[in-house]
Amino acid sequence: MKLGEGVEAAIHCCAVLASLEDGATMPGAALAEAHGLSPSYLLKHLNALTTAKVLESLSGPLGGYRLAREPKRISLLDIVLAVEGPEPAYRCAEIRRGGPNPLPASAYIKPCGINVAMLKAEKAYRVALAEVRLSDIVADFMEDADPRSIARSCAFVERHQRLQKSISKQG
């Protein structure tokens, strides 16, 4: 199963936003810079995360993005579905019914075994992603990452977060 590159970017951005001070935001351009991504490319994924209510977007001079809920209430599945959409990765087109000398629909009473197997695998993968919380990802990073990487990330957040004087939500 192959997920789009936007999933990696979205998870990393959410992890960065999880380390902001309460009520603070970070501009999308800073998130793009942090990961070496094009701001226009990343904006599409940040908007999808906002639409899915994983992120909040605030406008104005102190605007930017922040998590819409606590990191322990955001699963990796929430992020993946926001970026990739809810449709299964595998979509059976019933090609077994095509080709020369097609048979009538009555020859295909049982569901396609390939489709059944693929949907079973998709369900297992979604269950596994639903069990992993954004807070787990951040905690594992803080515990296991090279101290230089942690220091770099903390310095970046400190430099780019926008502290809010009063918290107001958009949309």
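Modeller: Happy to! Lys and Arg count as positive and Asp and Glu as negative, with His and the chain ends left out, and each charge is placed at NZ of Lys, CZ of Arg, CG of Asp or CD of Glu. On that basis the chain has 21 positive and 19 negative charges, whose mean positions lie 7 Å apart. This is a predicted model, where local features need pLDDT of at least 70 and side-chain atom pairs pLDDT 80 or more, while totals for chains, interfaces and linings use all residues. Numbering starts from 1 along each chain as its sequence is written, and side-chain values use heavy atoms, without hydrogens or water.

In order from the N terminus, they run α-α-α-β-β-α-α-α-α. The C-alpha trace spans about 70 × 35 × 25 Å along its principal axes.

Now the core: buried Ala, Val, Leu, Ile, Met, Phe, Trp, Tyr and Cys residues joined through side-chain atoms within 4.5 Å. The largest one holds 32 residues, and Met26, Leu49, Leu55 and Ile79 touch the most other members. At least two residues each come from α1 (5–17), α2 (28–35), α3 (39–51), β2 (64–67), α4 (76–84) and α7 (147–160). Helix α1 gives the largest share, eight residues.

Look closely at Met26: leaving aside residues up to four places away in sequence, its contacts (heavy atoms within 4.5 Å) include Val16, Leu17, Leu31, Tyr65 and Phe156.

Conventions: Helices (H or I, at least four residues) and strands (E, at least two) are DSSP runs, numbered from the N terminus. Buried means under 20% relative accessible area, exposed over 50%, partly exposed in between (1.4 Å probe, protein chains only).
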